[in-house]
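Reader: I am new to this structure and would like to learn how to read it. Please show it to me and take the features one at a time.

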Amino acid sequence: MHIVVCVKQVPDTKIIKINPKTNTLDRRSAPAILNPYDAHAVQEAVKIKENTGGTISVLSMGPPQATAVIKKSIEIGADRGFLITDRAFAGADTLATSYALSKALERINKEIPVDMVICGKHAIDGDTGQVGPGIARRMDIPPVTNVIEVSEVNQKEKTVLIKRKLTSGYELIQSEMPCLLTVEKEINGIEYSPMPNMIKAARYEPIIWAVSDLENVDRTQLGLKGSPTIVGKMFTPPRPEGGKRLEGSADEQVGQLMEVLMEKRDLLTMQSSK
Amino acid sequence: MPEKFDVIIVGAGPAGTSCALTCAKNGLNVLLIERGEYPGAKNVMGGVLYRKQMEELIPEFWKEAPLERPVIEQRFWMMDKESVVQFGYKGLEWAVEPYNNFTVLRAQFDQWFANKAVEAGALLINETVVTECIVENGKVVGVRTDRPDGEIFADVVVLADGVNSLLSKQLGFHKEFRPDEVALTVMEVINLPKEKINDRFNLEDNQGCTIEIFGDSTKGNLGTAFLYTNKDSLNIGVGTTLSSMIKAKLKPYELLDYLKNHPMVKPMLAGGESAEYLAHLIPEGGYRSVPKVAGNGVIVVGDAAQLVNAIHREGSNMAMHSGLLAAESILEAKSRGDFSEASLNIYREKLFDSFIIKDLEKYKDAAHTFEKYPQYFNDYVPMMNKAMSKFFTVDGTPKREKQKQIMKNVTAEKGTLKVLQDIYRAWKAVK
Amino acid sequence: MNLDDYRGVWVFIEQNDSKIEGVSLELLGAGRKLADKLQVPLAGFLLGHDVKPLANQVISFGADVVYVIDHLVLKHYRTESFMKGVMLLAQKYKPEIILYGATPNGKDLASAVATDLSTGLTADTTMLDVDVENRLLEASRPAFGGNIMATILCKKHRPQMATVRPKVMKALDPDSSRLGKIIEEKIDLKEEEMRTKVLQIVNDVTKKANLADAHVIVCGGKGMGDFQNFQLIHELAETIGASVGGTRDVVEAGWLPHEQQVGQTGETVTPKIYFAIGISGAIQHVVGMKNSEFIIAINKDPNAPIFDVATYGIVGDAMEIVPKLIEQFKQLRSEKGGEISYA
Ligand SMILES: Cc1cc2nc3c(=O)[nH]c(=O)nc-3n(C[C@H](O)[C@H](O)[C@H](O)COP(=O)(O)OP(=O)(O)OC[C@H]3O[C@@H](n4cnc5c(N)ncnc54)[C@H](O)[C@@H]3O)c2cc1C
Ligand SMILES: Cc1cc2nc3c(=O)[nH]c(=O)nc-3n(C[C@H](O)[C@H](O)[C@H](O)COP(=O)(O)OP(=O)(O)OC[C@H]3O[C@@H](n4cnc5c(N)ncnc54)[C@H](O)[C@@H]3O)c2cc1C
Ligand SMILES: Nc1ncnc2c1ncn2[C@@H]1O[C@H](COP(=O)(O)O)[C@@H](O)[C@H]1O
């Protein structure tokens, strides 16, 4: 069983702040981290491997520093990691990203055939959730998104049983392998890595590829050139007039509040409370 | 069989990292263990980094290190309720290489610094808490961490785990601090646009200013406050000994709020946005509290060894230097193949020969003096303010007259002899 | 490609066992505006099994045309089968804009289709407009961090596609007298060629949105006094279908699990509506919620810092105000026989 997990380095949105004046990201002291969903993706691969054995590879596209998220994945239990990094990848939107990653996957697949690709549900910086299905299409394998449980990996039949989260509830899917999954956080809890993993990770040197290391790449599909979408303009959404105090008796105040809330009524779902 | 390292260093602060860097540079097999998400994640300091000791470790570090501003002006404020007496020094010689010292944000600096140790060959492991030293027949042989299969072994374990140093307490190197041995300091990082900072502190771009505040900043408790300039934020903090905090039933946050709203301080912060709030202890026992620093297979460095100069708020520099001395001692011990207490104690000697203990010794009475005689903060600061106010108020009185009057008021309030005593005591404490 | 070959605004009509998802109706409302500006027809496309009867509802909510592909293999949503259907329609009729609801299925489908059409797709849009002369879809979404918006354009590729967050666009009032065209397309799909099988679908509505994704959060502080009174927070939240949050002090008091802590050492949240009840507004809390769109603070201390970040502030006793609020909402619900909700 060979599982490839796609992992992305993202700035920690918990710490990141936006300078209200310039509207620019204030990256001071915001460390780059492994996209939280991807951590769960790696963890799930480790859980699967416990039953099936095999190899877990992680793949990331990003700047040279992104080796950090590969090391992090090794801590969680991945066996090896690839970073594709190259000026030519810069400025990629989700379409160009899935193209570049699928090209790297092609090469990985040549060396050891891939049975399953796992991505996070989305990356917390872009949070589009589009790269996963994109990769699946390019590899022509079935994507199953929003996965909350993987069971019964059958290596002989090459099938896997998957719970997929829906807006309300879930569905049970059987998919052929190879397939691509994108996972929700709730699929597992991140285990506290044992010390030997930590030391292995600290020592680990990721395998680094540039475009030239990938085969039959159409450069026009890479990076900015290969990205159909562009950012038109950035602007601050009209902020509600701050700090208004409601006046009057409790009832009057509640009354006024209800009025403003009714403008937003469609956000409020009035179920009967238990 | 878990693997064995030459050195395990607990804590990737200035002390631990400088020790790791020096050991690794000299070919030792080093494991550096940090509990934070990354080095510096939770570390606090007002933010003045002193050039000298850093340069011993990384020449011309200012060319690449993530520094905020080189400090070209240091001000001292004697603050009363609605006034302040200031003095200080501003020198452009500090605005050019090699500079004097810098403001830093630890979250970035520690990360960068630790990475230097990694580049030198040390292994860094984050998010891992060392729970205890593994002791076998009287000798520390490794550490136990909170991770599964978490035991690792080494010839020497260096405790750089900061002021609380549970680990050296466990080894019985020092006991719980007395409340008068540690200051609780709270600080906030306040975002403020570069231009505003430059205007308010009258600085060019990339010039820094530090203000040390005495008097009303601590509501008359023993302690000091500070206001430092970063690139586009300010560090403001205030600290006082745990003992006086307990005595006055103060909440640290109240103290900081009080300072932030002080009429002399508020305008400096106006329009700023609080980015982070941090609280931390500084050991202030000085010379009197330096604990045992070496044992069989173990060495203690930095805050863990109480190496902070409370008066000049120096610590990171002492931490770094002690880390360096520890590394040298370990290398010597290695060449002797002997990591016993006797062998590692050269570290203690090096420490006592260095500026660190000399300074601590010099100031050993300061904290106690000020704690015992609160009048320094409670009486003299206001007195000084009154005096200045009188002196500068233009009311037709000839200046010589004024000076007479001022002295009269001062001695009237205290009595000449007492004033002289106090002044002498203070002078003895800090000079 | 010749961009002028592409005309018309399309909306993916997502249905689950023959019930149209609310977001699809909202998108018909939004799409209508775009289509009118561009002076082109608005179309909905509907895939599934026995879904044709839904076509009229699609028209009544604003569509001029409804494309229907009806096939047993399309009974349940599956990326591979549905995308084949959309590819067939898109390549044949060449719309210039396609909108999808940002639901699990909508996002999944849009991502796959965008890849095969190698065109641009903007995710989780919250504002839609068109630049008429260039016929450009202006799809705006929160750039990350929360309080800046980015407008995404797709200049050189068609169709221009976007997924749109539920509950941000307005559905039109249905008009059963509206007329429209229904066009059926045949597709050749074989179950045995499908690589995925849906074995079972389980509905459970009990699953509450977690704080990070919640549109509405009711957050309570130490000011609620004790565990008992804190239940008011839960009750209000339940009444309006919101998620519950708390301050650190509340979590430390054991009134809530840590996952529900908002602030510096808890979750950072940016809901559309945030109730801060009995919360002083310490910076460590505020950094975690100040980017919420609409903040309502209830606090008995007029000087509580929370009021500085609040859109509306009520100075008063939560024990008095909150029950009144709950009362009002319950009343409203019974009157209106339940607000339409798309949750
Ligand atoms: C508010 C404030 C202002 C200050 N201002 C200045 C100043 O302006 N200039 C100056 O030079 N000094 C200043 N100091 C002092 C300075 O911060 C310290 O002296 C210096 O940080 C000491 O370095 P250290 O490496 O010994 O300890 P620390 O910097 O505290 O590092 C200890 C490290 O060990 C880690 N750790 C602790 N326990 C464990 C464990 N069990 N397992 C694993 N890791 C562990 C911690 O996470 C931390 O990273 C200030 C201190 C404070 C609190
Ligand atoms: C390092 C650090 C990290 C922290 N991280 C977080 C964090 O992530 N999240 C967080 O929330 N806090 C955090 N805190 C704690 C934070 O500083 C505050 O202590 C906390 O947010 C206060 O919680 P509170 O507002 O519920 O309680 P309080 O500050 O006690 O506020 C209670 C408020 O309720 C009002 N009130 C009382 N009775 C009533 C009534 N009947 N009706 C209406 N109003 C009433 C009072 O006027 C008061 O304003 C952190 C602190 C530190 C030091
Ligand atoms: N640059 C990248 N390198 C590796 N994997 C990525 C990258 N970008 C996105 N992914 C994967 O695609 C998932 C969804 O990302 P996104 O579509 O950007 O929200 C992530 O959780 C990753 O698993």
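Reader: Which helix of chain B gives the most to the shell around ligand 1?

Author: Bear in mind that this is a predicted model. To read a shell, list the residues around the ligand and sort them by element. Helix 9 of chain B gives the most here, with 3 residues. Helix 9 spans 316-336, and it is among the elements of chain B that supply at least two residues each, together with helix 1 (14-25), strand 3 (48-50) and strand 15 (273-283).

Reader: Which residues come nearest to ligand 1?

Author: There are 34 residues around ligand 1, and the nearest are B:Glu34, B:Gly46, B:Arg106, B:Asp303 and B:Ser316. For polar contacts, look at distances between N or O atoms. The side chain of B:Glu34 places a polar atom 2.6 Å from an oxygen atom of ligand 1. For B:Arg106, a side-chain N or O atom is 2.7 Å from an oxygen atom of the ligand. B:Ser316 has a polar side-chain atom 2.6 Å from a ligand oxygen atom. The protein buries 97% of the 1,000 Å² that ligand 1 exposes when taken alone.

Reader: How many residues of the shell around ligand 1 are nonpolar, polar and charged?

Author: The shell has 15 nonpolar, 13 polar and 6 charged residues.

Reader: What can be said of the shell around ligand 3 by class?

Author: The shell around ligand 3 holds 8 nonpolar, 8 polar and 3 charged residues. Among the nearest of its 19 residues are A:Cys6, A:Asp38 and A:Thr128. The side chain of A:Thr128 has an N or O atom 2.8 Å from an oxygen atom of ligand 3, while a backbone N or O atom of A:Gly120 lies 3.0 Å from a ligand oxygen atom. Taken alone, ligand 3 exposes 480 Å², of which the protein buries 97%. Strand 6 of chain A gives the most to this shell, with 3 residues.

Reader: How many bridges join strand 14 and strand 16 of chain C?

Author: Strand 14 (216-220) and strand 16 (273-277) of chain C pair over 5 bridges, in the parallel sense.

Note on methods
Residues are numbered from 1 along each chain as its sequence is written. Chains are lettered from A and ligands numbered from 1 in the order in which they are written. This is a predicted model: local features need pLDDT of at least 70, side-chain atom pairs count only at pLDDT 80 or more; totals for chains, interfaces and linings use all residues. Side-chain values use heavy atoms; hydrogens and water are left out. A residue is near a molecule or strand if one of its heavy atoms lies within 4 Å of it. A polar contact is a pair of N or O atoms within 3.5 Å; within protein, one must be able to donate a hydrogen and the other to accept it, and residues adjacent in sequence count only if both atoms are side-chain atoms. Accessible areas come from the Shrake-Rupley method with a 1.4 Å probe; for residues, only the protein chains shown count as cover. Helices (H or I, at least four residues) and strands (E, at least two) are DSSP runs, numbered from the N terminus. Ala, Val, Leu, Ile, Met, Phe, Trp, Tyr, Cys and Pro count as nonpolar, Asp, Glu, Lys and Arg as charged, and the others, Gly among them, as polar. Two strands pair if DSSP finds at least two bridges between them.
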